[in-house]
Amino acid sequence: MSHFDKRADSWDSGDIRVNGAQVIANAIEKEITLLDTMEVLDFGVGTGLLGFEIAKKVKQIYGVDTSSKMLEKLKEKNTPELNIIPIKQDIVQEPLEQNFDGVVSSMTLHHVEHLEKFFQVIYTNIKEDGFIALADLEKENGTFHSDNTGVFHFGFENENLCKIAEKVGFKNVKIQNINTINKPHKSFGVFLLTAKK
């Protein structure tokens, strides 16, 4: 059983996570005009904390994740009005055929080993003029997680990440701090990277 499968049952019980997803959703809405005609992919959807917020504004959310337990939790939360279509797949290794109006993501990027490959994949999965809105940790010292299983990056240097996005072809790449997560031992910054194809 994977690290995330084990944690799926208690995932939505943490205030930090739930409130964090709300903050990220609000920040995305400030930067991106979400339309009720859009089909959007939530990368690393988990239990849908971000996806369900974005789903209120768009036509359809597709949620991709590699954890079946997280996707089971997501399915339990689906309603006829707010329905996320779950996809269990590692899209970096096995890209989707489908194209989307945009890709959103909350705190998943640090679990992606090959960043350039990830950006290339989502670039091909986005329609012309489509957007990305990816939120994750600013550079940190490895103490954000109590267990760094499956963590490939201790946050990110803004400039490096923007360069990778630009290298694969994204335009109007912008990165900004949108939140601070206060833990007993330290505070951690959260950024939102947005760009257009």
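Visitor: Which strands does helix 4 lie across, and at about what angle does helix 4 run to strand 3?

Guide: Keep in mind that this is a predicted model. Helix 4 takes in residues 68-77. You'll find it lying across strand 2 and strand 3, and its direction relative to strand 3 is about 165°.

Visitor: In what order do the strands of the open sheet come?

Guide: Seven strands go into this sheet, and their pairing is mixed. Neighbouring strands are turned against each other by 15° on average, direction ignored. Reading across the sheet, the order is 3-2-1-4-5-7-6.

Visitor: Okay, and which are the edge strands?

Guide: Look at the two ends of the order 3-2-1-4-5-7-6. An edge strand here pairs on one side only. That gives strand 3 (84-88) and strand 6.

Visitor: How many bridges join strand 1 to strand 2?

Guide: Strand 2 covers residues 60-65 and runs parallel to strand 1. One place to look is F43, which stands opposite V64 in strand 2. Strand 1 and strand 2 also belong to a right-handed β-α-β unit with helix 3 (residues 49-55). The bridges joining strand 1 to strand 2 number five.

Visitor: Which residues of strand 1 are buried on each side?

Guide: Strand 1 runs over residues 39-43, and five of its five residues are buried. Both faces are covered. One side has E39, L41 and F43, and the other has V40 and D42.

Visitor: Over how many bridges do strand 6 and strand 7 pair, and what is the bridge partner of K174?

Guide: Strand 7 (residues 186-196) and strand 6 pair in the antiparallel sense, over ten bridges. Helix 6 (residues 158-167) lies across both strands, running at about 145° to strand 6. As for K174, its bridge partner in strand 7 is T194.

Visitor: Is N179 buried or exposed?

Guide: N179 is in strand 6, residues 171-183. Its relative accessible area is 18%. The cut-off for buried is under 20%, so with 18% N179 counts as buried.

Visitor: And which residues does N179 touch, leaving out those up to four places away in sequence?

Guide: N179 sits in strand 6, which pairs with strand 7 in the antiparallel sense. Not counting residues up to four places away, the ones N179 touches are G20, V23, F188, G189 and V190.

Notes:
Residues numbered from 1 in each chain as written. Predicted model: local features only at pLDDT ≥ 70, side-chain atom pairs only at ≥ 80, totals over all residues. Heavy atoms only, no water. Helix = DSSP H or I, 4+ residues; strand = E, 2+ residues; numbered from the N terminus. Buried < 20%, exposed > 50% of the residue type's maximum accessible area, 1.4 Å probe, protein only. Contact = heavy atoms within 4.5 Å. Pairing = 2+ DSSP bridges. Right-handed = clockwise from strand over helix to strand, strands pointing away. Axes fitted to C-alpha atoms, helices over the stretch in contact; angles between N-to-C directions.
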